[in-house]
Amino acid sequence: MRHQLLALLARQPAYGYELKQGLEQTFGAAYPQPNIGQIYVTLSRLEKSGLIRGTEVTQEGRPDKKVYEITEKGVEELAGWFGAPTEGPRVRDEFFMKLILAEGTDLADRLTLINNQRRHCINMMRGLNKLAATERGNRTSLLLIEGAVLHLQADLDWLERCQEELT
């Protein structure tokens, strides 16, 4: 959450609720809805770390609000995040651990585990395709959904390979 907020603040100063709306408008329904409480906790931590600076703004007839802006230290942090590679393929896959460790326990059949996981992936793909139909106007959301579907398709291909090798 911290880098997403820093990125929005690198565009322009904003207060917490504006940042929540910014995340929702940018990523649409494909992205988990940000919790406003989590946003304010993260903003507090970013401010304590010197990555952002908050300024109280007086409002007539309404509670004061705090507008945040990114600091030079925050810009450096954000540039480092943009420049660092994102974590690669997962090696510690929970499903694979179940698949391998199930053997000899008499508690689970490998083919059943593979078929259950395959059904789960297919159901997730169906849900994402329905979500894509509602997000037609949000190119960012559609790209996020497309990426998730492609990952699920790769998982289905890998399950096929697991079935060939292990059953």
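The legends below describe close-up views of a predicted model. Residues are numbered from 1 along each chain as its sequence is written, and side-chain values use heavy atoms, with hydrogens and water left out. Because the model is predicted, local features need pLDDT of at least 70 and side-chain atom pairs count only at pLDDT 80 or more, while totals for chains, interfaces and linings use all residues.

View 1. The largest pocket has a volume of about 300 Å³. A pocket here is an open set of points on a 1 Å grid over the protein atoms alone, where a 1.4 Å probe fits, with protein on both sides within 12 Å along at least five of seven lines, and lining residues have an atom within 4 Å of a point; the volume is the space filled by probe spheres set on the points, which are joined across faces, edges and corners. The lining consists of Glu87, Gly88, Pro89, Arg90, Val91, Asp93, Phe96, His151, Ala154, Asp155 and Trp158, and helix α7 (residues 139–166) contributes the largest share, 4 residues. Helices (H or I, at least four residues) and strands (E, at least two) are DSSP runs numbered from the N terminus. By residue class, the lining divides into 5 nonpolar, 2 polar and 4 charged residues, where Ala, Val, Leu, Ile, Met, Phe, Trp, Tyr, Cys and Pro count as nonpolar, Asp, Glu, Lys and Arg as charged, and the others, Gly among them, as polar.

**View 2. The second largest pocket.** This pocket has a volume of about 150 Å³ and is lined by Leu8, Arg11, Gln12, Pro13, Ala14, Glu18, Leu19, Gly22, Gln25 and Thr26. The elements that give two or more residues to this lining are α1 (2–11) and α2 (16–27), with α2 giving the most, 5 residues. The lining comprises 4 nonpolar, 4 polar and 2 charged residues.

View 3. The side chains of Arg2 and Glu77 meet in a salt bridge, at 3.4 Å from N to O, a salt bridge being a side-chain nitrogen of Lys or Arg within 4 Å of a carboxyl oxygen of Asp or Glu. Arg2 lies in helix α1 and Glu77 in helix α4 (residues 72–83), so the pair ties together parts that are 75 residues apart in sequence. Arg2 counts as partly exposed at 34% relative accessibility, and Glu77 likewise counts as partly exposed at 28%; buried means under 20% relative accessible area, exposed over 50%, and partly exposed in between (1.4 Å probe, protein chains only).

View 4. Arg161, Glu164 and Glu165 are linked in a network of salt bridges. The closest N and O atoms of Arg161 and Glu164 are 3.7 Å apart, and those of Glu165 and Arg161 are 2.8 Å apart. Arg161 and Glu164 are 3 residues apart in the helix, and therefore separated by about one helical turn, while Glu165 and Arg161 are 4 residues apart, about one turn of the helix. Arg161 is partly exposed, with a relative accessible area of 44%, whereas Glu164 is exposed at 56% and Glu165 counts as exposed at 53%.

**View 5. Asp106 in a loop.** Asp106 has a positive phi of about 60 degrees although it is not a glycine. Its place is in the loop between α5 (94–101) and α6 (110–134), where Asp106 counts as exposed at 78% relative accessibility.
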